[in-house]
Amino acid sequence: MSNLKIALINGSPKGKSSVSGFILDELKSYFDQQIITEFPFHASHSITTAELEALAVQDILVFAFPLYVDGIPSHLLRSLVKIENYFNGDPPELKVYAVVNAGFFEGKQTKNALDMMRRWSEASGVKWGQGIGIGGGGMLTSLRNVQNGKGPRKDPSLVLRALAKNATEGKSTGNIFVSPNFPRFLYKIAAELGWRLRIRQNGLHQKDLFTQK
Amino acid sequence: MKLIIHDLTPEQEIEVLLPKQDTCVISDDGSIKPCIGCFGCWIKTPGQCVIRDNYGNMGETLSKCDELILISRCTYGGFSPFVKNVLDRSISYIHPFFIIKNGEMHHRLRYNRHLNMSVYFYSSGLTEQDRTIAKSLVKANAINLHGIVTEVLFEENAKAFGGRIK
């Protein structure tokens, strides 16, 4: 549907280079005639009345955020409570979709966070569309040079494309969980090497990763 | 040591918690900052959050406790923003490296410590769905924090837990 108003809400605490931003960039490429508005809800952000008003006139809200301690990052949760309070009583006619990325390899570990987003939609009086859980989030941003839908990005791209289609058609359907098309043991090894490298870049030693206070 | 993290007001705290020895209580003093996703607690100041507010040593505090008690308003089937904020700021308790546990990827332990976890959720109008999500969430938290769930209880208001939190 053209002229559909879609809000892409980036709930990563990080202002730049976030996996959620990477996911939303890809998702944006699957929309065509729709009117896209981006809402960066990062850690330092406090939601404004203007943003609440702008969200209420959308047809579709798409939240993207990282899995934090099995749930929604607290800074985003604070905004969700404010949005619920704003919507409550006179809820707008809109539908909510969410994409949660996890550092763990298995996308299904995002299930609790997506269930909470669905519960938030109900509490806010708006309709739930669909949730997508993507595992292996730690490697996605390193795949910028891999074409959408190719190699390790095959399944993540497939589900993002499906979400874009469902959102455009206003369809409510079940959650989908995926992992990158990449061996889990290699992801685990690569993550470990990455932490060893990053701590050395900070002038510390690899053994410092194991510091106990 | 017993660690209690709660979102109660000072008045509710008096009604609900009995003063006990060897107990650390973390409550909302209004100063907590959100986690900024920098992983500094793993690779810049390992074991400690880089944000130096009153909640920057949560990983170390957890490492000294054997019993974790969470008292929280049930919010969409999960924790309230404050309690969740404290948990988000506690990830230095675990190690960045992964292990495979029950066929799933999780973080390995930083400390050789296993927590007993009790969670007390309160909220008016709790639904069956809230309870189901909350129980599933606490189970997942326990796996990731290498803990054991002792109990998960629900009440319509915090006061109903008065004298029951041991």
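**Helices, sheets and the interface**

Colleague: At what angle does helix 5 of chain B run to strand 7 of chain B?
Modeller: Helix 5 of chain B covers residues 128-144 and lies across strand 6 and strand 7 of chain B. Helices (H or I, at least four residues) and strands (E, at least two) are DSSP runs numbered from the N terminus, and contact means heavy atoms within 4.5 Å. Axes are lines fitted to C-alpha atoms, for helices over the stretch in contact, with angles from 0 to 180 degrees between N-to-C directions. On that basis helix 5 of chain B runs to strand 7 of chain B at about 160 degrees.

Colleague: Give me the ground rules before we go on.
Modeller: This is a predicted model, so local features need pLDDT of at least 70 and side-chain atom pairs count only at pLDDT 80 or more, while totals for chains, interfaces and linings use all residues. Residues are numbered from 1 along each chain as its sequence is written, chains are lettered from A and ligands numbered from 1 in the order in which they are written, and side-chain values use heavy atoms, leaving out hydrogens and water.

Colleague: What is the strand order of the open sheet in chain B, and which strands stand at its edges?
Modeller: Five strands make up this open sheet of chain B, in the order 2-1-3-6-7 with parallel pairing; two strands pair if DSSP finds at least two bridges between them. Each edge strand of chain B has a single partner, so one of its sides is left without a neighbour in the sheet: strand 2 (23-26) and strand 7 (147-155).

Colleague: Which residue is the bridge partner of B:Ser72?
Modeller: Strand 3 (residues 67-73) and strand 6 (residues 115-122) of chain B run parallel and share seven bridges. In strand 6 of chain B, the residue bridged to B:Ser72 is B:Phe121.

Colleague: Over in chain A, which strands stand at the edges of the open sheet?
Modeller: The sheet of chain A has six strands in the order 2-1-3-4-5-6, with parallel pairing. With a single partner each, the edge strands of chain A are left with one side lacking a neighbour, namely strand 2 (35-40) and strand 6 (176-178).

Colleague: Which residue is the bridge partner of A:Asn10?
Modeller: Strand 1 (residues 5-10) of chain A pairs with strand 2 of chain A in the parallel sense, through six bridges. The partner of A:Asn10 in strand 2 of chain A is A:Pro40.

Colleague: How many nonpolar residues are in the contact of helix 1 with helix 6 of chain A?
Modeller: Helix 1 (residues 19-29) and helix 6 (residues 154-169) of chain A pack at about 55 degrees, their axes 9 Å apart. That makes them oblique (under 35 degrees is roughly parallel, over 145 roughly antiparallel, 65 to 115 roughly perpendicular, the rest oblique). A:Ile23, A:Glu26 and A:Leu27 of helix 1 meet A:Ser157, A:Leu160, A:Leu163 and A:Ala164 of helix 6. Counting Ala, Val, Leu, Ile, Met, Phe, Trp, Tyr, Cys and Pro as nonpolar, Asp, Glu, Lys and Arg as charged, and the others, Gly among them, as polar, there is one charged residue, one polar, and the nonpolar number five.

Colleague: Is the crossing of helix 4 of chain A and helix 5 of chain B left-handed or right-handed?
Modeller: Helix 4 (residues 111-124) of chain A packs against helix 5 of chain B at about 155 degrees, with axes 10 Å apart. That makes the two roughly antiparallel. A crossing is left-handed if the near helix is turned anticlockwise from the far one by less than a right angle, and right-handed if clockwise. For helix 4 of chain A and helix 5 of chain B, the crossing is left-handed.

Colleague: Which three residues of chain B supply 20% of the area that chain B buries against chain A?
Modeller: In all, 53 residues of chain B are in contact with 47 of chain A. The two chains bury about 4300 Å² between them, 61% of it on carbon and sulfur atoms (the accessible area, 1.4 Å probe, that two parts lose on being put together, summed over both). Supplying more of chain B's share than any other three residues are B:Ile43, B:Tyr76 and B:Phe97.
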